[in-house]
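Q: Please take a close look at one part of this model: the place where the ligands sit. What surrounds them there?

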Amino acid sequence: MGVSPQHIAIIMDGNGRWATRRGLPRAAGHRKGGEAVRRVVDGCIARGIPWLTLYAFSTENWGRPPEEVQGLMRMLNRFLQQTLPEMMQKGIQLRAIGELDMLPISCRNRLNSCLEKTKHNKNLVLTLALSYGSRQEITRAAQHLAVMVAEGRLTPSDITSDLFASQLDTAGMPDPDLLIRTSGEMRLSNYLLWQLSYAELWVTPVLWPDFGEEELDAALEDYAGRHRRYGKR
Ligand code: IPE
Ligand code: IPE
Ligand code: MG
């Protein structure tokens, strides 16, 4: 048995298909997806994995029909409200990455309060990617650095990859070791493009609402057998 990943990133995909296959509205799939979030969070804590980053809503997802977007925002609000006591009890530190200013004010307030209340928890850092797009994040980082250069606080040669990473939303976090994507799609969909440079990829046809400990263990077992070479021999 090899080592286990310290940081898992997940593209939680397939809620819509899960619902459609059952003749249910897409919202039912998103609701079931919320239950899978709980299972995977508990699974990570039980297995001593300290970092989990979940793609919950992409920049591009704003382009979905307004009723689906509103439904997802309502669910986010409810999820945060309902799980805060659990997060405190289980020692979960909540973080968020993405353009959080784009979220409805009620979600933002709820989120900020959860971030503040859980910030000293130590068992698991749970990061939600919300209104998140990696190209947008990288572009923002470049803008910050350009401002610093323009103001004379930095010279172009000061910009190293570490300095660049310190301007990303994930500053201070380790890069993900393992990326899991559910429902079979073989693409990154604008997720953590910088941070996933050397992550091991694991894709399952299982739809996100059906994801549980069995799939998590299958991914971990596969990961344990990987040889991460980082370009070396
Ligand atoms: C993932 O499920 C959840 C979000 C993107 C918010 P989808 O809603 O993308 O489900 P599919 O891909 O249509 O099945
Ligand atoms: C990626 O899933 C975004 C999230 C899981 C939040 P999508 O369903 O939006 O991605 P595409 O459209 O299949 O690339
Ligand atoms: Mg999808």
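**The ligand site**

A: A polar side-chain atom of Arg 26 lies 2.9 Å from an oxygen atom of ligand 1. The model is a predicted one. The backbone takes part too. A backbone N or O atom of Gly 16 is 2.9 Å from an oxygen atom of ligand 1. For Gly 14, a backbone N or O atom lies 3.4 Å from an oxygen atom of this ligand. The protein covers 86% of the 380 Å² of accessible area that ligand 1 has on its own.

Ligand 1 is surrounded by Met 12, Asp 13, Gly 14, Asn 15, Gly 16, Arg 17, Arg 26, His 30, Ala 56, Asn 61, Arg 64 and Leu 72. By class, these are three nonpolar, five polar and four charged residues. Helix 1 (15–21) and helix 2 each supply at least two residues of this shell. Helix 1 gives the most, with three residues. As for the space itself, ligand 1 sits in the largest pocket.

Turn to ligand 2. The space taken by ligand 2 is the largest pocket as well. Around ligand 2 are Ile 11, Met 12, Asp 13, Tyr 55, Ala 56, Phe 57, Asn 61, Arg 64, Arg 181, Arg 187 and Ser 189.

The shell of ligand 2 divides into five nonpolar, two polar and four charged residues. Its largest share, three residues, comes from strand 2 (residues 51–58).

Look at the side chains next. A polar side-chain atom of Asn 61 is 2.9 Å from an oxygen atom of ligand 2. Arg 181 has a polar side-chain atom 3.3 Å from an oxygen atom of ligand 2. For Arg 64, the distance from a polar side-chain atom to an oxygen atom of ligand 2 is 3.4 Å. The protein covers 78% of the 390 Å² of accessible area that ligand 2 has on its own.

One more space deserves a glance. The structure holds one cavity of 30 Å³ or more. The largest cavity has a volume of about 90 Å³. Its lining includes Val 37, Arg 38, Phe 79, Met 87 and Leu 126. Helix 2 (26–46) and helix 3 (66–90) are the elements that give two or more residues to this lining. Helix 3 gives the most, with five residues. By class, the lining has six nonpolar, one polar and four charged residues.

Conventions
Residues are numbered from 1 along each chain as its sequence is written. Chains are lettered from A and ligands numbered from 1 in the order in which they are written. This is a predicted model: local features need pLDDT of at least 70, side-chain atom pairs count only at pLDDT 80 or more; totals for chains, interfaces and linings use all residues. Side-chain values use heavy atoms; hydrogens and water are left out. A residue is near a molecule or strand if one of its heavy atoms lies within 4 Å of it. A polar contact is a pair of N or O atoms within 3.5 Å; within protein, one must be able to donate a hydrogen and the other to accept it, and residues adjacent in sequence count only if both atoms are side-chain atoms. Accessible areas come from the Shrake-Rupley method with a 1.4 Å probe; for residues, only the protein chains shown count as cover. On a 1 Å grid over the protein atoms alone, a cavity is a set of points where a 1.4 Å probe fits but cannot get out, and a pocket is an open set with protein on both sides within 12 Å along at least five of seven lines; lining residues have an atom within 4 Å of a point. A molecule sits in a cavity or pocket if more than half of its atoms lie within 2 Å of its grid points. Helices (H or I, at least four residues) and strands (E, at least two) are DSSP runs, numbered from the N terminus. Ala, Val, Leu, Ile, Met, Phe, Trp, Tyr, Cys and Pro count as nonpolar, Asp, Glu, Lys and Arg as charged, and the others, Gly among them, as polar. Grid points are joined across faces, edges and corners, and a volume is the space filled by probe spheres set on the points.
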